[in-house]
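The following note is intended for a reader who is new to protein models. Please keep the sequence and the structure in view while working through the numbered points.

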Amino acid sequence: MSYETVEHLLADVRWEREPAYWDGVCASVGSTGRLNFSGGVKDSAGRVAGALLDPNSELGRKIRGMRR
């Protein structure tokens, strides 16, 4: 994968720690409304990688702030 491809895949990702983007991908929302990043590293990493590499997937659209 070229640098340009990686740059393109990451350009639209919303990196803010907001539940709207990361809940269900690599975190869950706690009772206070804040993100909780505890959990299985392998599961979280797999979901993040899938979301980063496939912008048109459900999670890929979510971390980019796009809903269909």
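This is a predicted model: local features need pLDDT of at least 70, side-chain atom pairs count only at pLDDT 80 or more; totals for chains, interfaces and linings use all residues.

1. Two residues are said to be in contact when heavy atoms of theirs lie within 4.5 Å. By this criterion, and not counting residues up to four places away in sequence, Leu-35 touches Arg-17, Glu-18, Pro-19, Trp-22, Asp-23, Ala-27, Ser-28 and Val-29. Leu-35 itself belongs to strand β2.

2. The mean pLDDT of the chain is 93, and 99% of the residues reach 70 or more. Confidence is lowest in strand β2 (residues 35-36), with a mean of 92, and highest in helix α4 (residues 58-62), with 97.

3. The overall architecture may be stated briefly. The chain contains four helices and two strands, and from the N terminus on these elements follow the order α-α-β-β-α-α. The C-alpha trace spans about 40 × 25 × 20 Å along its principal axes.

4. Burial and surface deserve a separate point. Of the 68 residues, 25% count as buried. The chain exposes about 4,900 Å², of which carbon and sulfur atoms supply 52%. Among the contacts with a separation of 6 or more, 39% are made by residues 24 or more positions apart.

5. Is Leu-35 buried or exposed? Leu-35 counts as buried because its relative accessibility is 17%, and the cut-off for burial is under 20%.

6. Which residues of α3 are buried? They are Ser-44, Val-48, Ala-51 and Leu-52. Seen down the axis of α3, the buried residues fall within an arc of 100°, and therefore they line one face of the helix.

7. The face turned away from the buried side carries the exposed residues Lys-42, Asp-43 and Leu-53.

8. Ser-57 lies in the loop between α3 and α4. Leaving aside neighbours within four places in sequence, Ser-57 is in contact with Gly-50 and Ala-51; Ala-51 is one of the buried residues of α3. The C-alpha atoms of Ser-57 and Ser-38 are separated by 24 Å, the two residues being 19 residues apart along the chain.

9. How many salt bridges does the structure hold? There is one, formed where the side chains of Arg-14 and Glu-16 meet at 2.6 Å, N to O. Arg-14 has a relative accessible area of 30% and is therefore partly exposed. Glu-16, with a relative accessible area of 35%, is partly exposed as well.

Key: Residues are numbered from 1 along each chain as its sequence is written. Side-chain values use heavy atoms; hydrogens and water are left out. pLDDT is the predictor's confidence in each residue, from 0 to 100. A salt bridge is a side-chain nitrogen of Lys or Arg within 4 Å of a carboxyl oxygen of Asp or Glu. Buried means under 20% relative accessible area, exposed over 50%, partly exposed in between (1.4 Å probe, protein chains only). The arc is that of the directions from the helix axis to the C-beta atoms. Accessible areas come from the Shrake-Rupley method with a 1.4 Å probe; for residues, only the protein chains shown count as cover.
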